[in-house]
Amino acid sequence: MGDLLSDLQHFYEKANYPNAQNNTKILPKKVNMMGIFDKLTGKSATLTPKSALVLSAITVIAADGVIDEAEINDLAKIVRGDRKSIDTAMQVIKANPFPGVIDLVASTLDEKQKIATLAILCDIAMSDGVLAGEEKKILQMYMEKFGISESKLTPIIEAIAIKND
């Protein structure tokens, strides 16, 4: 768990959250992150639906600048000991500026996975009892990129609000 926390802290330090909505750099929807020089080292990161979920969860967890125990526990439930999904997510985060990773996550998931991922992200964002402004902005960014309407998400949010009350 200590490695995960240090990875999350490193991500947060490198993330560009204050300018997330103003960041106009758009990355291509390419999921395989192998660069020309990575061929020499053999390192690449290809998102799977699980590593995409982990990646999106990390962006929400780190959004408010506070990584608390409840959020770490939620991430641990998602990961279930699968270190490879964490490593892949961290490789993609390190190679791509925020919010470009949202495009990568969106291009990896199908429609049902996007709805499930957004539900999980909402639950994680509320795990500390407070929906911080940056968390809300990031959730809205995922909702828009995933193409999920408010009407589809409303019952999910209502259920999460009851659960966390």
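Predicted model: local features only at pLDDT ≥ 70, side-chain atom pairs only at ≥ 80, totals over all residues.
The protein contains 9 helices and 0 strands, and its elements accordingly read α-α-α-α-α-α-α-α-α from the N terminus. Of its 165 residues, 42% are classed as buried. The accessible surface amounts to about 8900 Å², with 54% of this area belonging to carbon and sulfur atoms. When contacts between residues at least 6 apart in sequence are considered, 81% join residues at least 24 apart.

Buried positions in H8 are Glu 135, Ile 138, Leu 139, Met 141, Tyr 142, Met 143 and Phe 146. The packing partners of these buried residues are helices H3 (49-61), H4 (69-79), H6 (100-108), H7 (111-125) and H9 (150-163). An α-helix has 3.6 residues a turn, so residues three or four places apart point the same way. Just after H8, Gly 147 adopts a positive phi of about 70°.

Thr 46 lies in the loop that connects helix H2 (38-41) to H3. Its relative accessibility is 42%, and Thr 46 is therefore counted as partly exposed, the range for this class lying between the 20% limit for buried and the 50% limit for exposed residues. Although Thr 46 and Ala 89 are 43 residues apart along the chain, their C-alpha atoms are separated by 8.9 Å.

How values were computed
Residues numbered from 1 in each chain as written. Heavy atoms only, no water. Buried < 20%, exposed > 50% of the residue type's maximum accessible area, 1.4 Å probe, protein only. Helix = DSSP H or I, 4+ residues; strand = E, 2+ residues; numbered from the N terminus. Contact = heavy atoms within 4.5 Å. Areas by Shrake-Rupley, 256 points an atom, 1.4 Å probe, with all protein chains shown as cover.
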